Amino acid sequence: MFAGVDIGGTTTQVVLCDDDLTVLDRGETTTPAASGGQAMVNAALGALAPLLRRTPGRLGGAGVGAAGVVDSAAGRILVASDSFRGWSGFPVTAAVEDALGVPAFLDNDVNAFLSGEVSSGAVRGEPDVLGIALGTGVGGALWTGGRLFAGPHGAAGEIGHIPGFGDLPCTCGARGHLETLASGRSISARYAERTGRRLTAREVADAAGYGDEDALAVYRAAGAGVARAVVMTAGLVDITTVVIGGGVSQAWHLLEPALRAQLSEEPPVSGHPVRLVRARLGADAVPVGAAVRARLETTPGAAVPSTSEGRPGRSGPESSPRVGSRS
């Protein structure tokens, strides 16, 4: 069996998978983000413990997906948001290995999200995919040639922090990044600027459903911004299959029309149409993707499952993506 963990800013999700990456059991707990790295790992292990007790089998490895910039090789968090205390620099994999007695591996949470969706979700078996997570922040990841491409510094696919989307200040300290339009925090902020009312992204979506023109405009801007980032990525790496998840994607009925309109107006330079897919695994995506990493690293000759046609096959449990700390 392989354990997968998603340590988010609010909630930690854990799953236990069999060798085919089918989820055998799952659990969750509150993330003690203000209490330090060891407390966060202990909370995850505490949620995993009952799954291990009630599921027969041998644990072969564990994977962890975490928000922020990570050093996968060293198994440490390099940079974390101010939502976490005592997380930057924490040796995640060493702490997990000491507790479980099996190899452990660390990935950025959006990389893990994409691995999960390719292994058993909406883009199962696809060889080349751009993954986008629209949550508290905006994250991106690249799957190319049948494997995750993280880049030499671990930042490949991070479309949330590319400039060219206006001049608004971003949470990272720069200006004009995609995240200033398409994250949950930014949707709330852009609506407040227009109306003077502070609503959550979900509440803004609800208002749009009642015909609120300001709410509709905010979501149109978010969708158009994501579409422009997709076209930029397609122009650089020629990937035209895109899977979109995260809590903001719950408002797919608002985002999709704006995405498709912008893509029709500005298609990729290759001339190939963009295939847009909404993520299917919901809260399972990151922990399943983390378990994928553990399986690949510990099983000689292992590969990510694919369909015979190399197209999406059976998906995992379908649920609405939760709002997380994607960044």
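Colleague: Why does Asp238 count as exposed?

Modeller: Keep in mind that this is a predicted model. Exposed means over 50% relative accessible area. Asp238 has 52% relative accessibility, so Asp238 counts as exposed. Asp238 is found in the loop between helix 7 and strand 11.

Colleague: What is the phi of Asp238 near?

Modeller: Phi of Asp238 is near 60 degrees, a positive value in a residue other than glycine. Most residues other than glycine have a negative phi. Leu21 also has a positive phi, of about 70 degrees, and is not a glycine.

Colleague: Where is Leu21, and why is Leu21 counted as buried or exposed?

Modeller: Leu21 sits in the loop between strand 2 (11-17) and strand 3 (23-30). Buried means under 20% relative accessible area. Leu21 has 4% relative accessibility, so Leu21 counts as buried.

Colleague: Turn to the cysteines. How do you know whether Cys170 and Cys172 form a bond?

Modeller: A disulfide needs cysteine sulfur atoms within 2.5 Å. The sulfur of Cys170 is 3.7 Å from the closest cysteine sulfur, in Cys172, so the pair is too far for a bond. Seen from Cys172, the closest cysteine sulfur is in Cys170, at 3.7 Å, too far for a bond. The structure holds zero disulfides.

Colleague: What makes Cys170 buried or exposed, and what is Cys172 called?

Modeller: The relative accessible area of Cys170 is 9%, so Cys170 is buried. Cys172 has 44% relative accessibility and therefore counts as partly exposed.

Colleague: Why is Asn42 called partly exposed?

Modeller: Asn42 has 42% relative accessibility, so Asn42 counts as partly exposed. The place of Asn42 is in helix 1 (residues 37-54). Asn42 and Leu263 are 221 residues apart along the chain, and their C-alpha atoms are separated by 45 Å.

Colleague: What makes Ile77 buried?

Modeller: The limit for buried is under 20%. Ile77 has a relative accessible area of 1%, so Ile77 is buried. Ile77 is found in strand 6 (residues 76-79). Leaving aside neighbours within four places in sequence, Ile77 is in contact with Ala66, Val69, Val70, Trp87, Ser88, Gly89, Phe90, Val92 and Leu106. C-alpha to C-alpha, Ile77 and Val237 are 27 Å apart in space and 160 residues apart in sequence.

Colleague: How do you know that Gly139 is buried?

Modeller: Gly139 has a relative accessible area of 0%, so Gly139 is buried. Gly139 lies in strand 9. From Gly139 to Arg124 there are 15 residues in sequence and 20 Å in space, C-alpha to C-alpha.

Colleague: Why does Thr241 count as buried?

Modeller: Thr241 has 9% relative accessibility, so Thr241 counts as buried. Thr241 is in strand 11 (residues 241-245). Beyond neighbours within four places in sequence, the contacts of Thr241 are Val123, Glu126, Asp128, Val129, Leu130 and Arg275.

Colleague: Now helix 6 and helix 7. At what angle do they pack?

Modeller: Helix 6 (residues 201-209) and helix 7 (residues 213-237) pack at an angle of about 120 degrees, with their axes 7 Å apart. Their crossing is left-handed. Helix 6 brings Ala201, Val204, Ala205, Ala207 and Ala208, and helix 7 brings Ala215, Leu216 and Tyr219.

Colleague: How many residues of this contact of helix 6 with helix 7 are nonpolar, polar and charged?

Modeller: The contact has eight nonpolar, no polar and no charged residues.

Colleague: Which residues have the most contacts inside the largest nonpolar core?

Modeller: They are Ile132, Leu134, Tyr219, Val226 and Ile244, in a core of 41 residues. Elements giving two or more residues to this core include strand 8 (129-134), strand 9 (138-144), helix 5 (184-195) and helix 8 (252-265). Helix 7 gives the largest share, 10 residues.

Colleague: What does Ile244 touch, neighbours within four places in sequence aside?

Modeller: Ile244 is in contact with residues including Phe113, Ile132, Leu134, Val226, Trp252 and Leu259. There is also a second, separate core of 30 residues, which includes Leu48, Val64, Phe84 and Val92.

Notes:
Residues numbered from 1 in each chain as written. Predicted model: local features only at pLDDT ≥ 70, side-chain atom pairs only at ≥ 80, totals over all residues. Heavy atoms only, no water. Axes fitted to C-alpha atoms, helices over the stretch in contact; angles between N-to-C directions. Helix = DSSP H or I, 4+ residues; strand = E, 2+ residues; numbered from the N terminus. Left-handed = near helix turned anticlockwise from the far one by under 90°. Contact = heavy atoms within 4.5 Å. Nonpolar A, V, L, I, M, F, W, Y, C, P; charged D, E, K, R; others polar. Buried < 20%, exposed > 50% of the residue type's maximum accessible area, 1.4 Å probe, protein only. Core = buried A, V, L, I, M, F, W, Y, C linked by side-chain atoms within 4.5 Å.
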